Amino acid sequence: MSSTPATTTTTTPPGGRAPGARDSGHPARPAPSPRLRAWVTRAPLLPALIFLIIVTQLPMVATLVISVFDWNALYPEARSFAGLANYAEVLGDPELRKSVLTTILLTVTVVLASLVLGMLLALLLDRRFKGRGAVRTMLIAPFLLVPVAAALLWKHVLYNPEYGLFNGVLHWISGDGAPQPDWVAEMPLGAVEASLVWQWTPFMMLILLAGLQSRPSDAVEAAWIDGASAWQVFRYITLPHLRRYLELGALLGTVYIVQNFDAVFTITSGGLGTANLPYTIYQTFYQGHEYGLASAAGVLVVIGSIVIATLALRVVSSLFNEEARS
């Protein structure tokens with residue numbers, strides 16, 4: 001006679017909790033809202049954002065406030081509200097207009113020369129040859145120098161009429177009768193432009209080299225197979241592909257060179273017709289003690305830089321979109 005073991009069946013009560021289950025006594029916590037999750041994600045960035053606002057925005061607000069006052073540091077008791085009179089005076093100042101033209105000439109010359117030289121160097125480094133890494137490192141080195149150090153190098157090591165390298169080379173080639181020009185005095189704006197071109201050419205080279213290395217290799221190979229010359233490959237394939245990179249280099253270079261102060265101050269001290277906008281603002285503020293006028297000129301320069309930077313960001317955005325689509 002066999003007996004069948006009894007089977008115990010446990011049923012879950014309608015409450016949804018099995019018998020013997022412990023009740024924590026706390027209700028289930030609701031899921032955090034998307035807005036709260038977003039703030040938690042951004043919380044680590046808040047200290048950096050606060051620091052950025054303190055360092056950049058508060059001085060800008062102070063500059064805006066000072067720009068609407070007639071404020072000469074030598075006569076602080078005569079300070080008064082001037083409204084937009086400082087801006088009108090800045091825009092009508094002949095010295096400022098001259099510095100604007102100098103800034104435009106300096107910027108256009110440096111940007112175009114840097115782009116052309118950067119293109120040539122990028123085409124060179126795009127080829128494979130022994131020692132390419134060392135050559136690339138040496139070509140990048142000028143861009144890594146502190147701007148003041150680069151300007152001092154050109155002023156004393158290269159331009160000096162008594163012991164400079166340029167006059168030394170002329171003396172070595174032509175002997176005792178070689179001309180020994182005073183480079184800064186005879187070509188002041190060209191001296192500043194040459195130092196800036198030397199420093200900014202590596203920047204343009206890096207941008208254009210990145211563009212060359214992203215060329216579609218199949219199109220280039222097909223052009224070589226079809227019998228295209230090197231100029232035709234450059235004209236119809238390489239140059240159209242580099243258009244966005246050229247625009248990016250030109251716009252970024254313009255943003256930085258418009259604000260350049262180090263080379264002008266170090267090489268010529270703003271004399272001989274080389275005073276650009278930043279140096280003119282420096283003279284107005286520190287030498288003329290006209291705080292209101294200098295602040296108004298600085299605000300106008302910032303507005304112009306923002307316009308150029310906006311164009312640069314649009315070019316960068318379109319460049320990234322094209323890369324993503326390809």
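Select Asn160, in the loop between H6 and helix H7 (165-174); helices are DSSP runs of H or I with at least four residues, numbered from the N terminus. This is a predicted model, in which local features need pLDDT of at least 70, side-chain atom pairs count only at pLDDT 80 or more, and totals for chains, interfaces and linings use all residues. Residues are numbered from 1 along each chain as its sequence is written, and side-chain values use heavy atoms, with hydrogens and water left out.

Asn160 is buried at a relative accessible area of 14% (buried means under 20%, with a 1.4 Å probe and protein chains only). Show Tyr163 next: its backbone nitrogen lies 3.2 Å from the side chain of Asn160.

Now move to the largest nonpolar core, which has 40 residues. A nonpolar core is a set of buried Ala, Val, Leu, Ile, Met, Phe, Trp, Tyr and Cys residues joined through side-chain atoms within 4.5 Å. Select Leu106, Val110, Ala122, Val192, Leu196, Ile257 and Ile267, the residues with the most contacts inside this core. Helix H4 (94-125), H6, H9, helix H12 (243-258), H13 and helix H15 (291-325) each supply at least two core residues. H9 gives the most, 13 residues.

Centre on Ala122, which touches Met205, Leu208, Leu209 and Leu212, not counting residues up to four places away in sequence. Finish at a second, separate core of eleven residues, among them Val90, Leu96, Ala296 and Ala297.

Methods
Buried < 20%, exposed > 50% of the residue type's maximum accessible area, 1.4 Å probe, protein only. Polar contact = N/O pair within 3.5 Å; in protein donor to acceptor, adjacent residues only side chain to side chain. Contact = heavy atoms within 4.5 Å.
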